[in-house]
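Look at the chains below one at a time, then at the places where they meet. The report follows that order.

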Amino acid sequence: MTTRLAWKNIWRNKTRSLIFIGAAFFGLALAIFTINLMKGIAAQRLDDAVSIQTGHLQIQNKDFNTFREIDQYIADPAQVRALLKDQPQIVSITERMVSEAVLTTPENTSIAQLTGVKPEIEIQFSALKDYLIGGTFLEGDLPKPILVSKKTAERLKLSIRSKVIVTLKAVSGEIVGGAFRVSGIFETPNTPYDENNAIVKYSDLGELSGIRNPHEIAILVNDRMQLTRIEGFLVKNLPSDYRHYSWITLLPQLYAFNGFTEAVSMLFTIIILLGLGFGLLNTMNMIVQERTREIGMLRAIGQSKWSVFFMLVKESGFLMFIGSLTGILLGIVIVNMTSQTGVPLGSGFALLGIRATIYPVVVWPMIVMVCVLATILTAIISVFPAFRALRIRPHAALRD
Amino acid sequence: MNQLIKLAWRNIWRKKRRSVITMLSVIFAVVISVNFRSLQWGAYDKMIEAGTKNSGYLQVQSQDYWEDKSINELIEDHVNFRNQISSVPGISSVIPRLQNFSLAASESSSKGALVIGIDPESENQYNELNSRVIKGSYLSENENAVIIAEGLSNYLKLKVNDTLVLVSQGYHASIAAGKYPIKGIVKLPNPQMNRMTAYLPLTTAQAFNGAEGLVNAFMLNVSDRTQVNATQLMLQDQLGPAYAIMRWDEMHPEIQKSINTDTTIATLLLSALYLIVGFGIIGTIVMMALERKREFGMLQAIGLQKSQIQTVILLESLMLGVIGVILAWLIAFPIVNFMHNNPIPLTGEGAKSFEAMGVEPVIQFAIKPHLFALMGLIIFLIMLVASAFPLTMIRKLKMSEVIK
Amino acid sequence: MEIIEIRNLSKTYNPKTIPVHAVNQVNLTFKEGEFTAIVGASGSGKTTLLNMIGGIDNPSEGEVCIASNNLTNMSETQKTKFRRDHIGFVFQSYNLLPVLTAIENVEFIMEMQGRPVKERHSRSKELLSAICLSNRLHSRPGKLSGGQQQRVAVARALAHKPKFVIADEPTANLDSRSTADLLDIMVKLNEQEGITFIFSTHDQRVVDRARRVIVFEDGSVKEDYNK
């Protein structure tokens with residue numbers, strides 16, 4: 001009974017109810033969109049960095065991460081491969097060789113971390129192929145192909161097919177050099193990465209530096225949540241000569257950025273719901289004030305005070321429910337629409353490792369969080385004016 | 001007019017609870033948004049500071065240096081030229097630099113390095129490089145010695161007093177090579193710089209590169225950061241088109257872009273907050289107007305012009321807004337001020353994300369008067385928008401229909 | 001002397017569809033100092049007539065002249081100023097500003113006119129004592145009874161010495177005791193100040209106190225007599 005009465009009551013003052021519902025509707029829709037956009041940015045930066053740079057998990061010689069010497073390679077990669085073969089969550093595995101190098105052209109000198117990759121595997125593994133702005137991914141008939149960034153290409157005055165001298169320290173301790181030809185030029189959104197990296201074929205780098213084994217074996221999984229399980233498996237089974245690192249250790253700043261994004265989403269959800277709380281408090285207050293006589297009448301004809309109390313709580317509930325639910329739905333619709341079309345952020349954001357177009361994705365746990373917080377808040381806020389109504393006595397109806 | 005002000009003032013206290021809640025929502029929105037943005041601006045300032053420590057707020061370079069950073073694009077370091085630069089008002093110091101990429105080697109290993117020739121004294125005055133020395137000591141002028149960054153020393157396994165070998169291509173394709181005793185090791189806040197930097201005294205670097213009397217840039221410090229654009233223009237005028245004058249935000253576009261992304265997200269989030277609070281305010285003012293239709297009719301009947309009634313309404317909403325904003329300022333300022341004077345050091349992963357950008361890992365609010373003004377202005381505009389409904393209602397009001 | 005002249009005054013609602021003649025071809029004059037009751041059932045058109053005399057509503061036809069100012073030709077702004085300076089109003093309810101005290105309400109129009117403080121104070125004190133509310137000068141309307149509020153409204157209507165006062169059913173919400181008190185005061189002030197009163201009512205006790213009675217029916221004057 002009070003439920004039906006509460007429902008009818010909120011439509012008695014349509015303007016006021018609609019304004020409140022409008023606040024919840026537009027405010028939450030914008031908030032949901034922004035929070036998902038922010039999460040989309042964080043996720044995209046992470047996915048790119050993980051696939052291009054580290055993988056979700058990486059196995060190295062136990063000293064390599066500290067000293068990065070050319071002879072600290074994985075002695076028996078076949079053993080590691082065999083170990084990983086039975087892990088169902090693993091989507092892709094790539095082996096890479098890494099060396100510091102100096103790149104020289106007649107025009108200029110630059111330094112880079114040179115990564116030797118197996119193109120046919122790497123092209124599956126890494127998102128770098130998406131960022132090629134010219135040439136091919138180490139494919140074609142060029143002898144000793146190299147991928148350089150647009151930045152490096154500009155600094156060294158390189159174009160496709162031009163020659164660059166690579167100098168590095170071989171496993172023998174000698175400084176060795178070799179001529180490579182530019183097979184492709186990339187430009188990722190991550191400028192620091194671009195400034196410091198070049199890619200060559202695994203076999204070419206091996207030949208130059210005199211080694212055959214990889215320095216790192218990088219792994220992509222299909223579900224980040226499964227990482228701890230795989231890590232647990234590796235702790236038990238990986239030979240003690242090797243170490244494994246998760247992306248969290250290798251990309252601490254992105255892990256922190258993710259955490260920061262979580263914190264800001266949570267904080268803003270609370271802030272926005274509190275802001276909405278003021279509106280609800282005001283609306284309910286006006287309702288109680290206007291209806292003093294009517295509530296007195298309801299009490300006089302025998303409605304209990306708790307029944308009046310819950311009628312008012314239900315009114316707040318309806319207002320909040322209609323406003324926030326439709327707002328959240330609109331937010332989800334916008335996110336889903338933009339996840340098809342993308343949100344153009346402009347190419348300027350490239351420097352932060354952010355793609356020019358972001359495809360936000362609905363993060364369901366966040367939506368659930370918004371709903372739960374909204375419910376708690378409504379319950380708390382509606383209680384204050386409803387308590388005021390408890391004090392209204394039946395004779396209020398008779399007062400002039 | 002006094003009469004109208006009195007009326008408006010009393011009217012806002014007529015429904016005390018409603019006005020107080022409305023003001024609280026204004027205070028809430030302004031305090032939150034001022035604090036949030038002050039925190040972000042604090043981080044921006046730290047980023048700008050970290051960036052400019054290594055580049056100056058302005059740099060004088062040869063016209064083509066920035067394009068390819070070639071060792072061949074150098075400018076003459078002459079005392080007259082330095083004077084010409086420092087004669088431009090707003091420039092507080094002129095710091096010469098000569099930098100080049102080089103292969104740095106020890107007995108056991110080698111690595112690409114950025115070798116920067118510095119004038120030890122003026123460099124230290126500007127960015128306190130001396131204070132970053134963790135082992136050994138700082139450089140003095142003209143000596144044949146090098147200080148290297150911590151990461152580079154670890155990689156090359158070199159200690160103080162060991163010898164560093166540098167090999168590179170010098171000025172006009174000369175061979176640059178030299179052996180330098182390591183005088184000190186510095187810990188640089190930017191991890192990338194910390195892995196690859198070596199400092200030589202300017203004259204030693206000039207000798208190494210075969211570029212006597214030449215530098216690639218003068219870093220300039222300015223007395224007022226907000227005037228950097230004007231100073232840049234004046235300097236360009238003074239020096240002529242043979243020189244490029246770069247601003248810090250041109251040299252570090254990533255800082256500006258990072259600030260822009262952050263600002264975009266913050267603007268969207270705060271818009272959501274202001275949207276909600278704004279609707280609340282609109283609701284209050286619309287209800288207030290609807291309840292008082294008869295009063296407005298009565299006032300018009302007894303001889304108040306519509307414009308006078310509208311003034312009262314406008315004053316009421318502005319008073320609500322102004323009181324709310326002033327109280328919000330009074331609350332927000334001490335918080336921002338406290339968080340400015342008592343920065344919170346970060347630890348753990350959060351600290352790493354700051355360090356990755358070479359930024360000091362602390363949370364320190366910036367005191368930016370424009371943030372206070374901006375948030376106040378937003379509330380002011382919301383109040384104007386909220387008043388639109390009652391103002392229109394009064395304009396269309398037909399007395400004979402509302403009074404009885 | 002005649003201060004109000006009404007010629008061929010008509011008000012027609014819905015002229016295009018189903019015309020309702022609220023006021024139909026009314027001709028009336030009021031002299032200075034008159035104390036007139038317009039009597040009629042509700043819906044007889046008396047409120048519309050009073051609104052047109054007071055310049056609150058516009059006639060469909062005919063004209064209202066007050067002290068040789070033709071209201072019908074005035075702009076909205078001019079009319080509002082004219083009402084402020086020359087007409088006093090008492091309504092059935094919602095007369096007073098709830099945020100102002102009794103004395104502030106009485107002073108309100110004079111203050112809008114920019115009269116000096118001294119004049120305002122002495123005039124409103126004089127009136128408040130005439131309506132026997134000297135002890136409630138600083139009470140807000142919420143603290144006054146309905147009858148007291150209507151007395152303040154009468155004082156407010158007279159304060160700036162208008163040419164005449166229009167009161168639309170001033171006693172409709174009052175009990176008989178308050179009605180009698182209010183009428184005593186209206187009669188007293190009408191005599192003391194010589195200000196013309198025109199009020200509408202359907203209450204026979206009020207009619208009995210009027211000196212001129214106009215009986216209104218279906219938008220027309222049915223009877224008009226002096227007692």
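## Chain A on its own

What share of the contacts in chain A with a separation of 6 or more comes from residues 24 or more positions apart? The share is 81%. This is a predicted model, and the figures in this report are computed from it.

Chain A contains 14 helices and 12 strands. Its radius of gyration is 31 Å, well over the 21 Å that the globule rule gives for 400 residues, so chain A is more spread out than a compact globule. The C-alpha trace of chain A spans about 105 × 45 × 30 Å along its principal axes. Of the 400 residues in this chain, 47% count as buried.

## Where chain A meets chain B

Chain A puts 51 residues into its contact with chain B, and chain B puts in 50 residues. On the chain A side, the elements giving two or more residues are α2 (14-54), β2 (90-104), β3 (109-117), α6 (150-155), β6 (163-169), α7 (191-196) and α11 (252-290). The largest share of this side, 19 residues, belongs to α11(A).

Sorted by class, the side of chain A that touches chain B has 27 nonpolar, 17 polar and seven charged residues.

## The two domains of chain B

The domain assignment of chain B gives domain 1, made of 2-51 + 255-402, and domain 2, covering 56-251. Taken over C-alpha atoms, the centres of domain 1 and domain 2 of chain B are separated by 48 Å.

How many residues of domain 1 of chain B are in contact with domain 2 of chain B? Nine residues of domain 1 are in contact with six residues of domain 2. On the domain 1 side, two or more residues come from each of α2 (16-53), α11 (253-291) and α14 (348-356) of chain B. The element that gives the most is α2(B), with three residues. By class, the domain 1 side has four nonpolar, three polar and two charged residues.

## Where chain B meets chain C

The contact between chain B and chain C takes 18 residues from chain B and 18 residues from chain C. Which elements of chain B give two or more residues to the side that touches chain C? They are α1 (2-12), α12 (293-301) and α16 (399-402) of chain B.

Of the elements on this side, α12(B) gives the most, with five residues. The residues of the side of chain B that touches chain C divide into seven nonpolar, six polar and five charged.

Key
Residues are numbered from 1 along each chain as its sequence is written. Chains are lettered from A and ligands numbered from 1 in the order in which they are written. This is a predicted model: local features need pLDDT of at least 70, side-chain atom pairs count only at pLDDT 80 or more; totals for chains, interfaces and linings use all residues. Two residues are in contact if their C-beta atoms, placed from the backbone, lie within 7 Å. Helices (H or I, at least four residues) and strands (E, at least two) are DSSP runs, numbered from the N terminus. Ala, Val, Leu, Ile, Met, Phe, Trp, Tyr, Cys and Pro count as nonpolar, Asp, Glu, Lys and Arg as charged, and the others, Gly among them, as polar. Domain bounds come from an automatic or database domain assignment. The radius of gyration is taken over C-alpha atoms; the globule rule is 2.2 Å times the number of residues to the power 0.38. A residue is buried if 20 or more other C-beta atoms lie within 10 Å of its own, exposed if 12 or fewer, and partly exposed in between; C-beta atoms are placed from the backbone.
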